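I opened my notebook to look through a structure step by step. Here is what I looked up, in short entries.

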Amino acid sequence: MNFNITALVPELFFLCMVLALLVQSLGSREWKPPVEKWLPFGACAAFFVTITGFHLHGAMFWDVYKVDLMSQFFKIVITFGFYVVVLNASRQPTLAEGKRADYYMLLGFSTLGLMMLASSVELITIYLALELASYSMYAVIPLRAKDKGAAEAGIKYIMFGAVATALALYGLSYIMATQHTTYIAELMNKPWSFADQPMAVVGLSLFLGGMFFKLALFPFHFWCPDVYQGASNETAAFVATMPKMGAIVVLCRLAVLLKPGLEITTILAVLGALSMTFGNLSALAQTDIKRLLGFSSVAHAGYIMVGLVSGTPEGIGAAAFYGMAYLVMNLLVFWIVSRVASDGRNLKLSDLNGLYKKAPVLAFSLAAGAFALVGLPPTMGFMGKFFLITSAWDHGYNWLVITLVVNSAIAIYYYLSLFRHAFTEESAPSHAAPPDNGWFASAGAGMLAAAVLVIGMVPAPLFNFAINAGKTLYGITVTFAGGGH
Amino acid sequence: MLDFGYPVLTILIAFPLIAACGLFFLRAPQVVRYYTMAVSLIECLLAVPLMGFKLNADFQFVEKLDWVHQWGLQYYLGVDGISILMVLLTIAVLPLCVMCSWTYIGKREKEFHFCLLFMTSSVLGVFCALDLVLFYVFWEAMLIPMYLLIAVWGGDDRKYASLKFFLYTLAGSTLLLAAIVAFRVTGGTFSIPDLMQMNFSFRFQFWAFLAMALAFAIKVPMFPFHTWLPAAHVQAPSAGSVILAAVLLKMGTYGFLRFCLPLTPAASEYFAPMMIAISIVSILYGGAIALGQSDIKKLVAYSSVGHMGFVTLGIFLFNQRGVEGALFQMLNHGIVTGALFMMIGAVYERSHSREISKNMGLGKYLPAFMFFWGLMALASFGFPGTNGFVGEILVFIGAFQDSPFIGMFLVPGALLGAAYMFRVSLKMAWGKPSTAKAWRDLNAREWIYLTIPAVFVLWIGLAPTGFFKVIDPSVNKLLNDFDQRKVAAVEAEQPMQTAAADIHSLLAEKE
């Protein structure tokens, strides 16, 4: 068994942090060390440790666990996401005091699972890492105190999750039975057309179903809007972004099996198209912001498929880049939702009215987030979408590109309404809690908005990283000098 | 990859945006106005190096930088005879916009002026960009400030108008994005000058033209995609209408000239009859509807549809006179309609109404105002001696040169223009005054912002030679290239067998 401990430093650092949380959560009820005082620093440190490990590489544990550019890219994204989620959740008003350490511990375990998912290159390992990431989520979602909706959301997530997992496992058995291996590197050289290996294709489709559940791709998306709505704002920020990174990295790794024209690739493309269209059309009718974001995430899952079906390193790089963009844009919007609903209530669109006056920084940041989600320049959302469609055009899926483009046009309406309510409507007097307009809220929103804009204008370094990560999956050697740093 | 002298275009684009951020540190509305005014005047000074423009057809003041190397994106700017006039127009309009909203805008002044400056930056970017994606970035970025200008400072129906504007234009430009990507995949580059050298298959041109033309036609706007325009114009504040008329609509016709003719010549030729027909319908329809309006602003808005019809018609005639006329009309329409909208704003501040019936008898009580109005009205329908005449007559000559049949259709269009302008002007000048007695004539600020366009009206009208010198080389080159490349695409036995394949093999050889 090959083992290189230095390649695992980011994971080990994170593991230590989560274990510390575990110890804290096991302490007696009277013992209340302030988790929110130290955890943000820990999470920030984990982020920087992961960044410094961007160039690590190696395969270990009988080659089921691979540290490469792709895994490091996603680990950086995931630890960044965790950091923002922790900061965001440190003000969660609906969470009982005694449950705080447990809450962060569960989030931490889930994140650790996602980090492992980023490095898993073997189907059973993927399955295990996925379960590690999922189990904590099942517990976290109903943690919102005194809310029946939260319990309902939790049950829905568990039920759908269990079914999706079962499907994935079942599919895994088919793949093992027909292809006699579970290593992606070996699966790459096997035939994946329906004519040659019908059972394997069915198996892979079912296995992908498990990932689609995490990604909330049509038709595995039914949990998504309900869970977002039921979970507290801060928890929803986690559920909406982080598990998707895990799904995207696995899909990127599996996408090397796909070539344009294969049946399974076409299925992905069709699901992507349906997902975009369904998600966007459903979002048009929403007034609850979290439901709106839920349906919009269904559409975004469809967009990511556009990169995956092209069967090129560029396509996978574009999908990875878009995944990152999606995480940042959504965390930004959820940050604002959490701060505007300072008492933890579910926001309606009309609650945003007059935000420009009450909290100008939040309003401006919301505008940046909403326009990034639409894909308007100069935001990272535009660059992400642009890379996606450029990578897919002329690889047999022009119709999918056109579907994406048309869908972007549909999506404008509801994203614009976020902006519209914040900037052009005046607020009516109400008894609801005012937005949290403190320096912490403004600084967080401002930083994320700046990230959305700056990466939108100067995407090259991160994009080079993503595209090189895509190349490594295809076995194209990448020198680190060209690795975008 | 660096080709950098004094980056005049970058400075012109970046300065308003950077200066706009300074607005957030200001408080008093009056200070905000003076600050923006100063910024707009400095912007005019910064444009002085553009006077070094050489009278040839090359792209000048070129700036080039790698942007996203892996994807071949470049930060690539430059101007030729076609775009430089639009750049200057945009810069010149900015101070006028600040002046005409001096007393008109009474709330959220900071944000208003921020939007004005942001908008100027992005529009300048559109006219300077020589990379397709850079162009698109600027093209889309301008939507947000314009949306806000209408939605926040507009009239009673502003929400509807702003939403319509946003959805229409964005829906159109998403297809433009698809076309841009298709160009890159087929041509291997986003650089507009490089793409201009390539021959694309007819089949490719066909689809690319349709996708681009839709985006541009909505922006122009051509019939039947014009319905957002009257709503947007009527609801927008004066400065918004001015910018909309003076520069935003030009982005559409500029797109036709910069992209459709050079990149898809065969398809442009193929679709020319359709585009000409639509232009004629726009001219006649815009004129006829304008004739029936009782709201002055709506009248001028519909007249824009007609005027822009002249521009697109001129472009799709593909002859020297037609394209020159189109360029002149782009400039003229910017000056004249911009001035008309400013005057409508001025009179609205007095009467609080845009109805013709509420704004009559001005000849007696506001003679200076009526003088400028009369001048602009004459220029608007192309009276000899004014700039409108130069543009319109060129399009006329081009049209008759192409076919007397097309020319015949333009005659009623021109007559309609005269009819609606005379109708409104006569009523405003000599109609029975309602409350005009109590109004004051133009103040100093209004004098300034009306004199400047008036000078240009007469300058272009009486001495257009200087302008010809600037645009002629570029127009010649555009049309020569167009003729050659069109023939190349048509003569090819199998247009389906693409030039793109050749380019791909060339690129492969290079690698």
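The entries below go from whole chains to single residues.

**Entry 1: what kind of model**
I noted at the start that this is a predicted model.

**Entry 2: chain A as a whole**
I began by asking how many helices and strands chain A has. I found 19 helices and two strands. Next I looked up the radius of gyration of chain A, which is 21 Å. The globule rule gives 23 Å for 485 residues, and the two values are close, so chain A is as compact as a globular protein of that length. I then fitted a box along the principal axes, and the C-alpha atoms of chain A fill roughly 65 × 55 × 45 Å.

I also wanted to know what share of chain A is buried. Of its 485 residues, 64% count as buried. For contacts in chain A between residues at least 6 apart in sequence, I saw that 79% join residues at least 24 apart.

**Entry 3: the surface and charges of chain A**
The accessible surface of chain A comes to about 15900 Å². Carbon and sulfur atoms own 70% of that surface. I listed the charged side chains too: chain A has 27 positive and 24 negative ones. The centres of these two sets lie 6 Å apart.

**Entry 4: chain B as a whole**
I repeated the steps for chain B and found 21 helices and two strands. Its radius of gyration is 22 Å, close to the 24 Å that the globule rule gives for 511 residues, so chain B is as compact as a globular protein of that length. The C-alpha trace of chain B spans about 80 × 60 × 40 Å along its principal axes.

Of the 511 residues of chain B, 64% count as buried. Among the contacts in chain B with a separation of 6 or more, 81% are between residues 24 or more positions apart.

**Entry 5: the surface and charges of chain B**
I read off an accessible surface of about 17700 Å² for chain B, with 66% belonging to carbon and sulfur atoms. Chain B carries 33 positive and 30 negative side chains, and the centres of the two sets lie 15 Å apart.

**Entry 6: the hairpin in chain B**
I found B:Asp66 standing opposite B:Gln74, which is in β2(B). Four residues lie between the strands of this hairpin, and B:Gly72 takes a positive phi near 70°. I also checked how covered strand β2 of chain B is, over residues 73-79: six of its seven residues are buried.

**Entry 7: one residue in a helix, B:Ala272**
I picked B:Ala272, which has its place in helix α12 of chain B, residues 265-291. Is B:Ala272 buried or exposed? Its relative accessible area is 7%, so B:Ala272 is buried, the cut-off being under 20%. Leaving aside neighbours within four places in sequence, I found B:Ala272 in contact with B:Phe316 and B:Phe318. I also took the distance from B:Ala272 to B:Val48: the two are 224 residues apart in sequence and 38 Å apart in space, C-alpha to C-alpha.

- The peptide bond from A:Pro377 to A:Pro378 is cis, with omega near -5°. I placed A:Pro378 in the loop between α15 and α16 of chain A.
- In chain B, the bond from B:Val220 to B:Pro221 is cis, with omega near -15°. B:Pro221 sits in the loop between α9 and α10 of chain B.
- A:Phe61 is not a glycine, yet it has a positive phi of about 50°. I found A:Phe61 in the loop between β1 and β2 of chain A, and A:Phe61 is partly exposed, at 27% relative accessible area.
- B:His352 is not a glycine either, and its phi is positive, about 55°. B:His352 lies in the loop between α14 and α15 of chain B. Its relative accessibility is 59%, so B:His352 counts as exposed.

Definitions and conventions. Residues numbered from 1 in each chain as written. Chains lettered and ligands numbered in written order. Heavy atoms only, no water. Buried < 20%, exposed > 50% of the residue type's maximum accessible area, 1.4 Å probe, protein only. Pairing = 2+ DSSP bridges. Contact = heavy atoms within 4.5 Å. Rg over C-alpha atoms; globule rule 2.2 N^0.38 Å. Areas by Shrake-Rupley, 256 points an atom, 1.4 Å probe, with all protein chains shown as cover. Lys, Arg positive; Asp, Glu negative; His and termini not counted. Charge placed at Lys NZ, Arg CZ, Asp CG, Glu CD.
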